[in-house]
Every structure is written in C-alpha cells, then in structure tokens.
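Me: Please go through this structure with me. I would like the terms and cut-offs stated as they come up.

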Amino acid sequence: MDPTTAAVLLEQSPDAVIFAGIDGLITVWNPAAQRVFGFAPAEAIGQRLDIIVPEQFRSAHWTGYDRALEAGKTKYEGQALTTRANNKAGETIYVDLGFSIVLGADGKATGAMATARDCTERFNRDREMRREMRELKESAKA
C-alpha cells in the first residue's frame, strides 16, 4: 500500500486511531480521535496518553503499557476492551478500545496503537438494564 492510501485510510477511519511511542507520547491522532475525545490533533500530539486515561487508572495503565512493549504484544490482542476514558471537557466517557503493539523492522516495539469507539450510550443503557433486572429479582424474592 502506498503512503498516500495509508494516510487517507487513517484520515477517514470511522474509529479513533491513536499511536504513542515507547515514551507514551502521542504521535498519531486522527479526526475520529478528535470526535471521540474532543482534543484537536495539535492539542493531543506530543502529549502523554494521560490526557485521556483517568487519573485513578494511570498507574495500572503505565504498568500494562510497559509490560506489553517489553513483551512485544498485548494480552488484549484481537479483543475490544470497554473502559473509561476522559474527554477534553473532563467528562468520563466509555470507549471500546482495541490495542496493538507496533514492531519495527528489527522486531522491537516502537509503540502502541489503539483504536477507540465511543460506547457511552450503550454502556449506560446496559448498566440501567442490569439495575432494573436486579430490582426485579429483588422484588420477586419479596
């Protein structure tokens, strides 16, 4: 695939595409990432992933990030992980994330790529349904 085609695919991807190097600094932030998280590329590129990782998860995030880079793979390969994230407004959103460790020609990790899709509405709807089911079960027992 030629570089122009790759750039167009990245630009037009329906999902957020984010790449951060081994230092955790964002170097790729496509238009869908701006739609999902609210940060323009100029605001996100050069920043640490902490701009979207909630503070209470940062320690675990960086431990997992470093472990995956060292291993050259992630335990979530081929899976979508629903998790909390922050947007520019400081709100908590829920996103379905896919991860991949990007390897250089020498086989060593150069960073991590993530794809993200906002699933806040679905997550909240499912949470409400689970709450209603619990209440129904409790009232049926009474």
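Reply: The expected span of a helix is 1.5 Å times one less than its number of residues. Helices (H or I, at least four residues) and strands (E, at least two) are DSSP runs, numbered from the N terminus. This is a predicted model, in which local features need pLDDT of at least 70 and side-chain atom pairs count only at pLDDT 80 or more, while totals for chains, interfaces and linings use all residues. Residues are numbered from 1 along each chain as its sequence is written, and side-chain values use heavy atoms, with hydrogens and water left out.

Me: What distance does helix H4 (residues 58-71) reach from its first C-alpha to its last?

Reply: H4 has 14 residues, and at 1.5 Å a residue the expected span is 20 Å. The model comes close to this, with an end-to-end C-alpha distance of 20 Å.

Me: Within what arc do the buried residues of H4 fall, seen down its axis?

Reply: Buried means under 20% relative accessible area, exposed over 50%, and partly exposed in between (1.4 Å probe, protein chains only). In H4 the buried residues are Trp62, Tyr65, Ala68 and Leu69. They line one face of the helix because their directions, taken from the helix axis to the C-beta atoms, fall within an arc of 130°.

Me: Which strands do the buried residues of H4 pack against?

Reply: Ser59, Ala60, Arg67, Glu70 and Ala71 are exposed on the other side of H4. Contact here means heavy atoms within 4.5 Å. By that criterion, the buried residues of H4 pack against S1, S4 and strand S5 (109-118).

Me: How many residues apart in sequence are the parts tied together by glutamate 43 and lysine 88?

Reply: The two side chains meet in a salt bridge at 2.6 Å, N to O, a salt bridge being a side-chain nitrogen of Lys or Arg within 4 Å of a carboxyl oxygen of Asp or Glu. Glutamate 43 lies in helix H3 (residues 41-44) and lysine 88 in the loop between strand S3 (81-86) and strand S4 (92-103), so the parts they tie together are separated in sequence by 45 residues.

Me: What separates arginine 122 from aspartate 126 in helix H5 (residues 120-141)?

Reply: Their side chains meet in a salt bridge of 4.0 Å, N to O. Arginine 122 is partly exposed at 34% relative accessibility, and aspartate 126 is partly exposed at 28%. Because they are four residues apart in H5, the separation is about one helical turn.
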